[in-house]
Amino acid sequence: MKLSSLTLTSALLCLGTSMTLLGCSNAKHIEAVTDKDASAQPKVMAFARFVPERRDDFAWENDKVAFRVYGPAAPLKGHSSGVDAWLKKVDYSIIDKWYLGHVNGISYHKDKGEGYDPYHTGISRGVGGSAIWVDNKAYAAHTYKSYSVIESGGDQLKFNLQYEWQTPLGLVNESKTVSLALGSQLYQVNSTFTLNGQPAKLPIAIGLATHDEKAAVSFNKSAGRISAWEVIDDLGLGTGVVIAPERVSAIKHLPSDVKDESHIWLFTETTDYGALAYSAGFAWQGAGEITSIKGWHSYLDNYLAK
């Protein structure tokens, strides 16, 4: 398989060069996954990796849920930094297998028994993507600039993504550390933001896509929760964001006539030092565990007490 320039950059980084476009970690996954890799015994684990064979996606999963974000090779049009949901029916790792299928012409958008990806992200915030909020408008990063995997393959994963984008306030940089443990429906975000190179208190909006209002939305401000529930292929899908209740400034459902711009938003702000922490994720009825709106709301509203 022909390697992309970003893949070659990652390989050079592992050799100790000074190039910093992309980070490196587990050398097995610097290059595209092979048939031999994917045919190994399925393993239950918290797993994250850079995906050069699919436009530099970055994907992560545990035994309950899987996610991905678009990478530097994604086209400018139609892509952003929102979080995509991959719906799993199995507890073992599926990322390598599904991407290998993609390379070989097998679509992960069709359920073959393990789950699939029917969730549309596009330019939306997807499942808990954030944005700078200025004058009633969201300003979001396009795709990550670099990555590093901190922990993967065990009971918990952790990685870091670096973003940079222009806003009406100035140049924003975000260092976003994501973690996910086995057994959890939600990934955790710990980010540090700077404005024009300096830590700053910034207005933040965290969103859940409503897919042009196909999803019903709900919230519980006292629990720091926003949520959405929609039916895809006759099965319910709940998405949600949870943050410490005292960090909630406001919650608003803002439909839009523009494709992918309808969301329920949770508004907050970074600390004086630019820090932001929250959790986001989903539950799919097809997995057979959380199968109702009531059950999803109960999970989210009790999440911080765990």
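I take buried to mean under 20% relative accessible area, exposed over 50%, and partly exposed in between (1.4 Å probe, protein chains only). The model is predicted, and I kept its limits: local features need pLDDT of at least 70, side-chain atom pairs count only at pLDDT 80 or more, and totals for chains, interfaces and linings use all residues. Residues are numbered from 1 along each chain as its sequence is written, and side-chain values use heavy atoms, with hydrogens and water left out.

Entry 1, sheet. I looked up the strands (DSSP runs of E, at least two residues, numbered from the N terminus). Five of them form an open antiparallel sheet in the order β1-β2-β3-β4-β5, where pairing requires at least two DSSP bridges between two strands. β1 (47–51) and β5 (115–116) are the edges, each with a single partner strand, so one side of each lacks a neighbour in the sheet.

Entry 2, β2 and β3. I found four bridges between β2 (residues 57–61) and β3 (residues 66–69), in the antiparallel sense. W60 has F67 in β3 as its bridge partner.

I searched for a side-chain nitrogen of Lys or Arg within 4 Å of a carboxyl oxygen of Asp or Glu; the whole structure has 14 salt bridges. R68 meets D57 at 2.7 Å, N to O. R68 lies in β3 and D57 in β2, so the pair ties together parts eleven residues apart in sequence. R68 is buried at 3% relative accessibility, and D57 is buried at 0%.

D84 meets R68 at 2.9 Å, N to O. This pair links strand β4 to strand β3, 16 residues apart. D84 is buried, with a relative accessible area of 1%. I also noted a salt-bridge network of R54, D57, R68, D84 and D117.
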